[in-house]
Structures are given as structure tokens and as C-alpha cells.
Amino acid sequence: MDTPHWNSIVKQTKALVQEGILPVHCTIVVAVSGGPDSVALLHTLHVLSPVYGWRLVCAHMNHGFRPEESATEAMFVEQLAAELEIPLEWETADAPAYMQQTGLGAQEAARHLRYDFLHRVASGYNAEAIALAHHMDDQAETILMRILRGTGPEGLGGMKLRRTEKNVELIRPFLRIYKADLIGACRECGFRYMTDSSNDQRKYTRNAIRLDVLPFLEPFNNQLVPALSRLAEIASTENEYIVQQTETLYNELVKEKEGSFSFSAASFVTVHVALQRRLIKLILNYLSSANETFDFAKIEIIRRQIEQSDLASWNLDVGSRIICIREYDDIRFMQISEQEAAPFCLPVQHEDAVVYVPGTSARLEVTVRHGGHTLSESVALSSDEAFFDADLLDFPLYLRSRRPGDVIALLGGGTKKVKNLFIDAKIPLSQRDRMPLLVDVSGRILWIPGLRRAREALLGQDTNRCLYMKIVKSED
């Protein structure tokens with residue numbers, strides 16, 4: 001019996017094994033709907049199983065859209081699996097109810113339910129792979145759908161011959177084979193299959209593209225399906241390269257700390273625009289859930305804000321509870337679910353005390369010293385240390401967060417708003433509410449640890465008792 005289609009399919013499947021795309025000596029869950037594509041897939045893998053050491057499991061899902069037809073399809077798949085002596089796993093889902101719960105469209109809801117089922121079956125059998133019967137025509141439809149929706153290079157890559165999902169390989173052995181060849185193989189070999197009546201319903205986008213859009217475009221290119229499939233392979237390969245370059249850039253540029261991702265704005269603007277966009281998208285993906293997506297417009301708003309804004313500090317609500325913050329040269333992405341720094345006001349004992357600064361790893365250490373001192377000693381210390389004449393202080397003292405209108409009396413004369421002091425010192429906006437201020441009972445600012453001492457309570461020749469303070473910042 002002459003079986004050119006079948007022989008070609010078997011030959012191409014063997015070639016994928018030689019390319020290392022199809023794994024060998026493993027358990028494979030085969031998704032079988034009962035249509036010609038999945039029937040041909042099950043038969044092909046079954047015939048080659050002794051050669052490549054495949055252990056097959058047939059998996060079928062009834063989505064609940066067409067009760068009578070679906071029941072017939074399930075019985076057919078059950079009989080097919082029994083004839084081939086392949087174990088069968090099947091499940092009935094309520095896709096219409098799932099659509100109402102999630103707000104998803106029919107095809108997307110069915111896909112979610114189907115993949116969840118296939119992964120559960122794979123887990124139950126410790127399977128290394130799940131085989132799907134998508135073919136070249138499916139790939140062309142996918143690419144065209146994505147083009148019409150405005151996809152980027154990633155979307156143009158279409159479906160992959162092989163990719164990892166939840167530690168299982170998703171393999172598509174027929175992605176380079178026409179649907180007509182699969183139907184031809186079934187007819188040549190007498191493989192029975194079912195026909196899904198919903199495939200003719202134009203209310204589904206994919207069906208409308210297959211039935212109307214592709215036939216309309218084919219007169220402009222009689223090789224449209226292979227051309228779109230070739231576009232997918234080219235885009236997929238080039239996208240893999242860009243992904244690798246983005247990961248390299250990420251490792252060079254981005255710093256991760258406590259759930260935030262930051263990089264230098266000056267370094268970012270020297271990078272090619274394509275990698276700028278990919279880097280932003282990669283960071284957003286790290287911060288978001290698996291189901292969230294960020295479109296080109298949103299990514300471009302962020303990129304242009306970083307590149308073009310003249311403001312030293314700003315924050316941008318990205319959506320999905322993510323914000324992008326600029327603090328001078330530092331660009332930081334973080335979840336906004338974290339609580340804002342709460343105001344604090346803590347009493348400071350003036351003998352051998354330790355006060356921990358809320359929201360930071362810093363602590364204030366206080367000791368009392370006796371003896372004569374000079375004014376120079378008051379100001380000669382580093383910004384992390386300070387001496388005060390204890391007899392000139394109005395106790396009790398407090399360590400508190402900043403407040404609107406705070407002013408500090410400067411050592412050289414005059415006063416300055418604490419807000420302006422922070423700006424001049426380029427203290428990031430996100431850190432200002434955690435900066436401690438030492439004040440007396442009347443509210444006078446005595447010292448901003450790590451930044452500036454006030455001219456209050458300076459040491460002198462008559463000083464007998466001095467207060468020594470030191471801010472200690474623990475290393476993470």
C-alpha cells in the first residue's frame with residue numbers, strides 16, 4: 001500500500017529526534033482530542049515507541065461545550081487507546097462555568113483547563129514530556145492572529161517545537177507538517193478520526209482567520225502558510241539571542257535588594273533601545289504574577305521617562321501594584337504593597353542607651369563623658385558621631401522622623417529647611433521618612449545622624465558633662 005504522507009510524517013518525526021528536539025527513553029503524555037491531527041500524532045509516536053523507548057499515556061479532556069459530540073469523542077478516544085494498548089486518562093470540565101468565573105473567552109478558558117489537566121496527568125505518571133498535535137497551519141494562524149493584535153518579536157516566534165513549562169517539556173512534533181498531510185496520512189492508513197463541528201464557527205477568532213483571512217491573503221502569496229511558519233522560526237531564533245543579551249545586561253546592570261530591582265540611569269541610556277525595552281519588561285515580569293502582561297505602550301512610557309525626564313526624583317505607577325522610582329541616578333522598580341514608612345518618635349535616655357531606628361538596620365548609641373572639652377571637638381567628628389554639652393540640652397531628647405517645616409540651625413550661622421538639606425545631599429525620596437532626627441523637648445533639631453549637626457549645645461571650656469552619640473549602620 002502506497003503511503004507517502006504517512007512515510008513523510010514518520011521520517012520528519014525521526015529527524016526531530018536526531019535534532020535533539022524530541023526526547024528519548026521517557027514517558028510522554030499525548031494530548032488526544034480525537035481529531036485527525038491528534039490521532040495521527042498518537043499513531044506516529046506509538047509506531048516509533050519501540051525505537052526510541054517512549055512510554056505513552058493518552059490524555060483526553062471533555063471541555064463541556066458540546067455535550068453529545070464530546071461524549072462521542074471521549075468514547076472514540078477511549079476505544080483508540082484500548083486498541084493501541086496505551087493507558088488513558090480523561091476528564092470532564094465545565095468550561096462555560098470557568099469562563100464566568102474568570103472572564104476568559106471560550107478558547108482561552110478551554111486552553112487553561114486543558115493545560116492544567118495535561119500537567120496533572122504528567123505529574124501523576126512522572127512524565128518528562130507532553131506531546132501536542134499543533135501543525136504548520138496552526139502556526140500560521142497563530143502568527144497572523146498575533147500580527148493583527150500588534151505583537152512584537154517575541155509573539156512572532158509563535159509556538160515552539162519544544163519548550164519547558166512547569167518542569168515538563170511541551171513538544172510539538174508536527175509543527176513543520178501541513179494539516180492536509182496529517183489528514184492524508186490518516187486516510188492512507190485507515191486511521192479513524194472525529195470532526196469537531198465548532199471548528200466551523202466563525203465567532204472564534206482562530207476559526208475566522210482560518211476560514212476567511214488566510215484564504216483572502218493566499219492569492220497574494222500561494223506559499224503563505226509556510227512563509228508565516230518560516231517567519232516564526234526566524235523570529236524565534238533571533239528572539240532567543242535578544243533574550244540572552246538581555247539576561248547578560250541584567251546581570252551587569254541590575255541590583256536586587258529586598259524585592260526591588262534597581263540600576264543606574266546613566267548606564268541605562270547608553271544601551272540600545274531594543275535592550276532597554278527588554279530589560280524593563282524582564283524586571284516587570286519578575287515583579288508580576290505569571291498571568292500579568294505589560295504591553296509596548298506601558299514599557300515605552302517607562303523607558304522614555306527614564307531617558308528624557310529632567311527631574312532628579314519622580315515615581316511612576318506602572319500598574320499591577322508596581323511603581324518605578326527615580327532618585328537621582330538610581331532607577332528602582334518595586335511592589336507598592338509594602339507599607340510606607342510610619343512616623344516615629346522615640347525617647348533617648350542620656351546614659352549608656354541604645355535606640356534602634358525603625359525601618360532600618362541602624363542604631364543610635366549614647367554615652368556620657370566627663371571632663372573639659374573644646375569647641376573643635378564638637379565639630380571634628382565624622383557625620384556619624386556627635387558631642388553635646390549635656391548641661392545645655394533641654395531633656396528629654398527624642399529621635400524622630402522628619403516633619404513638615406523642619407528647620408535646622410547651621411553651625412556656620414543661619415538656618416536651613418531639612419527638606420532642602422536632604423535634596424542637596426541627594427538623599428533618595430524613599431529614604432527620607434526613615435532618616436532619624438535628634439531633637440530636644442522643645443523640638444529643636446540637634447543633629448541629623450549621618451548628615452549634619454546643629455549649632456545647639458556645643459562643647460566649651462566650661463563643659464563638665466558631655467553626651468557622645470554615634471549612629472551605627474549594621475551591614476546586611
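**Notebook: charges, rings and one aspartate**

I started with the charged side chains and found that the structure holds 28 salt bridges. For my own use, I noted that a salt bridge is a side-chain nitrogen of Lys or Arg within 4 Å of a carboxyl oxygen of Asp or Glu. This is a predicted model, where local features need pLDDT of at least 70 and side-chain atom pairs count only at pLDDT 80 or more, while totals for chains, interfaces and linings use all residues. Residues are numbered from 1 along each chain as its sequence is written, and side-chain values use heavy atoms, with hydrogens and water left out.

**Entry 1: salt bridges**

Which residue forms a salt bridge with Asp 196? I found Arg 66, with the closest N and O atoms 3.3 Å apart. Asp 196 lies in the loop between helix 8 (179-189) and helix 9 (205-217), and Arg 66 in the loop between strand 2 (55-62) and helix 3 (67-83), so this bridge ties together parts that are 130 residues apart in sequence. Helices (H or I, at least four residues) and strands (E, at least two) are DSSP runs, numbered from the N terminus.

Are the two partners buried or exposed? Buried means under 20% relative accessible area, exposed over 50%, and partly exposed in between (1.4 Å probe, protein chains only). Asp 196 is partly exposed at 22%, and Arg 66 is buried at 17%.

Next I looked up Glu 154, which forms a salt bridge with Lys 281; their closest N and O atoms are 2.7 Å apart. Glu 154 belongs to helix 7 (residues 153-156) and Lys 281 to helix 12 (residues 273-287), so parts 127 residues apart in sequence are tied together. Glu 154 has 33% relative accessibility and counts as partly exposed; Lys 281, at 23%, is partly exposed too.

I also noted Asp 424 with Lys 416, a salt bridge whose closest N and O atoms are 2.3 Å apart. Lys 416 is partly exposed at 25%. Elsewhere, salt bridges that share partners join Arg 277, Glu 300, Arg 303, Arg 304 and Glu 307 into one network.

**Entry 2: aromatic rings**

My search of the whole structure gave nine aromatic pairs. Rings of Phe, Tyr and Trp (its six-membered ring) pair if their centres lie within 6.5 Å; planes under 30 degrees apart count as stacked, over 60 as edge-to-face and the rest as tilted. Trp 6 and Phe 191 make an edge-to-face pair, 5.3 Å centre to centre with 80° between the planes. Trp 6 sits in helix 1 (residues 4-18) and Phe 191 in the loop between helix 8 and helix 9, 185 residues apart. Both Trp 6 and Phe 191 are buried. I also saw that ring pairs link Tyr 250, Phe 261 and Tyr 286 into a cluster.

Then I looked for charges over rings (NZ of Lys or CZ of Arg within 6 Å of the ring centre and within 35 degrees of the ring normal). The charged end of Arg 111 sits over the ring of Tyr 115, 4.2 Å from its centre. Arg 369 lies over the face of Tyr 468, at 4.2 Å from the ring centre.

**Entry 3: Asp 406**

Where is Asp 406? I found Asp 406 in the loop between strand 16 (397-400) and strand 17 (407-409), buried at 10% relative accessible area. Not counting residues up to four places away in sequence, Asp 406 touches (heavy atoms within 4.5 Å) Arg 400, Lys 416, Lys 417, Val 418, Leu 437 and Ile 445. Its side chain reaches the backbone nitrogen of Arg 403 at 2.7 Å.

Key: Polar contact = N/O pair within 3.5 Å; in protein donor to acceptor, adjacent residues only side chain to side chain.
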